[in-house]
Amino acid sequence: MSTTSAAPGATHEAQPMTHRQILEALSGLLLGMFVAILSSTVVSNALPRIIAELGGGQSAYTWVVTATLLAMTASTPIWGKLADLYSKKLLVQLALLIYVVASVAAAFSQNTGMLIGCRALQGIGAGGLTALAQVVMAAMISPRERGRYSGYLGAVFAVATVGGPLIGGVIVDTSWLGWRWCFGVGVPFALLAIVILQKTLHLPVVRRNVKIDWFGATLIAAAVSLVLIWVSLAGHNFDWASWQTAVMVAGAFVLGALAIFVESRAAEPVIPLRLFNNPTITLATVASLFVGVAMFGATVFLSQYFQLARGDSPTKAGLMTLPLILGLFLSSTITGRIISETGLWKRWLVAGTVLITIGFGLMSTMRYDTSYALLSVYMFIAGAGVGMTMQNLVLSVQNAVPVNELGVASSTVAFFRSLGGAVGVSALGAVLGHEVKDSIASGLAKLGINAGGAGGSSIPDLSTLPGPVRTVVEEAYGKGAAETFLVAAPFALLAFLCVIFIKEVPLRKANVTAEDQPSDVVERHEGAAAVEGVPVTGVPENEKAAARR
């Protein structure tokens with residue numbers, strides 16, 4: 001192992017990177033984030049048609065999304081832990097490579113099972129990109145300045161969220177392309193990001209003689225997976241109150257308890273339980289869980305609402321969500337700059353969770369014939385709340401931990417947000433499916449039509465339905481989508497209750513300090529020479545000797 005250490009007794013002052021150097025280093029990272037977000041948004045408006053062509057139903061629709069979130073959830077803490085031990089640059093490139101392989105495989109899917117498996121692999125890569133983006137930013141930028149650059153992340157999130165559905169809609173609506181190209185469109189961006197990262201990202205590499213707690217990680221993933229499988233299948237394959245429910249819930253509880261036991265005794269736990277001794281981390285993590293349930297759980301079904309409740313094309317459905325994204329873009333960039341100027345962040349978390357709660361409450365009133373102008377206002381309010389909340393919850397946690405724990409702390413917040421999202425998608429997908437099935441059966445009965453298979457869980461093709469039946473289906477999906485927002489709104493309210501109890505600590509103006517570094521850390525710089533502004537630091541020999549003793 002090649003290392004560079006300081007001479008005994010030498011001291012080093014870490015010089016901050018210039019704005020230009022940070023932007024150069026972040027260029028490939030932001031492109032990687034664009035790819036991660038694009039992987040989910042580009043197929044959002046195409047999913048109704050993809051599932052219909054592959055012969056799947058509402059459960060398959062839900063699991064195509066849930067599989068990605070599940071894989072992101074399970075892998076995020078592992079990526080975060082690896083970031084504290086190995087080259088962050090290499091890990092980001094590896095995550096991008098996993099994404100490329102999974103995307104190519106997904107493009108050749110022959111059935112929903114294969115598609116779900118490929119989407120899970122995409123989730124592993126996306127989990128790495130999501131976790132590592134925050135970690136790399138934290139390694140380069142002080143907490144006080146990080147709000148400014150978090151705004152750039154918010155902007156990339158907004159562009160990818162807007163561009164993805166539009167690109168996916170155009171691809172699906174273009175006869176000579178077809179939906180399979182939705183999975184290939186992000187590959188060139190991923191390959192370009194790998195090249196840019198190789199040239200521009202230069203970070204110190206932390207080397208520590210530790211091991212990954214794979215057993216704990218496996219138990220965490222198993223417990224989460226069992227909960228999601230139960231939520232997804234209950235109400236369809238078996239009753240909520242059944243022996244299958246009892247077995248799955250008990251199994252998840254046992255696996256979760258074992259995971260806590262193992263993590264409490266592991267030398268290097270995937271999720272260090274001692275982090276939760278800090279009230280800020282505990283409250284921010286719980287708030288992230290609730291925000292994930294609300295945000296992912298409700299908004300993922302907007303494409304179904306616009307296509308199946310309003311009869312829009314995939315391309316138009318992407319355009320219809322612009323108010324939501326505009327609210328997110330403006331709030332994330334504006335509040336990011338204000339936070340960098342003032343160092344104060346709690347007021348924006350409080351305001352954000354309030355806006356999400358109000359926005360989702362208003363969206364729970366929508367129906368298939370709701371005025372789009374009114375719906376645009378509702379979406380803008382919800383989007384503004386999400387933009388104020390997502391990045392700032394991570395920022396509050398990063399400000400509360402030493403630099404050598406940035407990776408695991410950031411990934412812990414991302415883990416619980418992804419967990420909430422996965423549970424939310426599964427649970428609200430079940431709510432939507434149940435509401436749609438009952439509404440269609442009831443509507444057809446009023447028309448004097450025997451529902452038969454029409455009230456089942458298959459995704460309908462509106463263009464093949466006669467007028468009265470089509471209205472019944474549109475009304476059912478309108479009510480079902482509104483029901484998901486009605487269920488999601490209380491989770492946003494719970495997130496608000498968490499953030500109001502967080503004690504605000506002004507953001508630090510400095511980042512890496514000697515006190516932050518553990519005595520067993522040895523750093524080396526990636527590349528032949530250090531980049532100006534990114535000093536090569538090490539641990540004095542006397543400190544390393546003391547650590548060995």
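Predicted model: local features only at pLDDT ≥ 70, side-chain atom pairs only at ≥ 80, totals over all residues.
**Entry 1**

Next I asked which ring F276 pairs with. The partner is F416, with 6.3 Å from centre to centre and 90 degrees between the planes, an edge-to-face pair. I then looked up where the two residues sit: F276 is in the loop between α9 (243–265) and α10 (279–299), while F416 belongs to helix α16 (residues 406–446). They are 140 residues apart, and the pair links distant parts of the chain.

**Entry 1: a second aromatic pair**

I noted six aromatic pairs in the structure, and I picked F360 with F485 as another one to check.

On accessibility, F360 comes out at 1%, so I logged F360 as buried. F485 is likewise at 1% and counts as buried.

**Entry 2: α14 against α15**

How do the axes of α14 and helix α15 (residues 372–398) meet? They come within 7 Å and cross at roughly 150 degrees. Because the cut-off for roughly antiparallel is over 145, I could write α14 down as roughly antiparallel to α15. I also recorded the crossing as left-handed.

Which residues make the contact? From α14 I listed, among them, W348, L349, G352, L355, I356 and G359, and F360 turned up here too. The α15 side includes L375, Y378, M379, A382, G385, V386, T389 and N392. Sorted by class, this contact has 18 nonpolar and six polar residues, and no charged ones.

**Entry 3: a look at A52**

Last, I turned to A52, which lies in helix α2 (residues 47–54). Its relative accessibility is 41%, so A52 goes in my notes as partly exposed. I also checked A52 against P460: the two are 408 residues apart along the chain, yet their C-alpha atoms are separated by 7.3 Å.

How values were computed: Residues numbered from 1 in each chain as written. Heavy atoms only, no water. Helix = DSSP H or I, 4+ residues; strand = E, 2+ residues; numbered from the N terminus. Buried < 20%, exposed > 50% of the residue type's maximum accessible area, 1.4 Å probe, protein only. Phe/Tyr/Trp six-rings, centres within 6.5 Å; stacked < 30°, edge-to-face > 60°. Axes fitted to C-alpha atoms, helices over the stretch in contact; angles between N-to-C directions. Parallel < 35°, antiparallel > 145°, perpendicular 65-115°, else oblique. Left-handed = near helix turned anticlockwise from the far one by under 90°. Contact = heavy atoms within 4.5 Å. Nonpolar A, V, L, I, M, F, W, Y, C, P; charged D, E, K, R; others polar.
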